[in-house]
Amino acid sequence: LVPPGKRRNKNYYIIGRLDGKKIEGSTRTSLYADAKVELDNFKKLHEKTKGKSIMSYAMAAERYKSSKKLSERDILWHDKISALIGHKPVFDIVRDDIVRVASLVYPKAKASTKNRAIITPASAVLQYAAENEWRTPIKIKRFPEQSVKPRFLSPEDEKKLLNAVKDDNAKYLMLLWQINQGDRITDIAQVTWDQIDLDKKL
């Protein structure tokens, strides 16, 4: 372990050889005790993966998707992430990688969008990878969101909106659904008839 400051590094740095191969990288911590844990975890992971094919992020994401019943929107989010960092070994992924993806895919989006479309799906894949021992557990910190006071449409505004789309049945029904249920348009668009019970009004 190379201490902070020796190589213009702010954190402890791992440098050396394992099985004849040079290894180096940041422990992402300036505390010796935490850096020692990172080094031990790295050695354990190296032993587990020695002689085996390394699981990439894209491979882990594909296995995660096949193990879950995801919506088309969720799959699209996962594919966007994999397109940018899918080549990296899943045990090498850190928060900076996920933040970079969010900045590239949604450069002007709100923190809530980045959290929903990038942080949440990426965290799910990394947790799945940890459960399968392809990497050590990691928690990806979410982007801080500003609290927004809820705003509600007045009955007059609701009537104006519905009147504006009254000639388009699809838009009228979707808007009526939104007003009554508060669901997102993307969620409403993916609803199928087998999810609706007209008798119970569900």
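Here are some friendly notes on the predicted model above, point by point.

1. **Ground rules.** Residue numbers start from 1 along each chain as its sequence is written, and side-chain values use heavy atoms, with hydrogens and water left out. The model is predicted, with local features needing pLDDT of at least 70 and side-chain atom pairs counting only at pLDDT 80 or more, while totals for chains, interfaces and linings use all residues.

2. **Overall layout.** The protein has eight helices and two strands; these are DSSP runs numbered from the N terminus, with helices being H or I of at least four residues and strands being E of at least two. Along the sequence the order is β-β-α-α-α-α-α-α-α-α. Of the 202 residues, 27% are buried (buried means under 20% relative accessible area, exposed over 50%, and partly exposed in between, with a 1.4 Å probe and protein chains only).

3. **Surface and contacts.** Taking contacts between residues at least 6 apart in sequence, 47% join residues at least 24 apart, where contact means heavy atoms within 4.5 Å.

4. **A lysine to look at.** Lys114 sits in helix H5 (residues 111-131). Lys114 is buried yet has no salt bridge, and the nearest side chain of opposite charge, Glu145, is 11 Å away. For charge, Lys and Arg count as positive and Asp and Glu as negative, while His and the chain ends are not counted; a salt bridge is a side-chain nitrogen of Lys or Arg within 4 Å of a carboxyl oxygen of Asp or Glu. Leaving aside residues up to four places away in sequence, Lys114 touches Ala102, Tyr106, Pro107, Ala109, Ile119 and Phe143.

5. **Glu145 has its own partner.** The side chains of Glu145 and Arg142 meet in a salt bridge, at 3.5 Å from N to O. Glu145 is partly exposed at 43% relative accessible area, and Arg142 is also partly exposed, at 42%.

6. The structure holds seven salt bridges. One of them joins Lys65 to Asp79, with the closest N and O atoms 2.6 Å apart. This pair links distant parts of the chain, Lys65 being in helix H2 (residues 57-67) and Asp79 in helix H3 (residues 72-85), 14 residues apart. Lys65 is buried, at 13% relative accessible area, whereas Asp79 is partly exposed, at 34%. Glu62 joins Lys65 and Asp79 in a network of salt bridges.

7. **Helix H4 and its buried face.** In helix H4 (residues 95-105), Asp97, Ile98, Val101 and Ala102 are buried. Viewed down the axis of H4, the buried residues fall within an arc of 140°, so they line one face of the helix; the arc is that of the directions from the helix axis to the C-beta atoms. Asp96 and Leu104, on the other side of H4, are exposed. H3 and H5 are among what covers the buried residues of H4.

8. Which residue forms a salt bridge with Asp97? The partner is Lys88, with the closest N and O atoms 3.1 Å apart. Asp97 counts as buried at 9% relative accessibility, while Lys88 counts as partly exposed at 22%.
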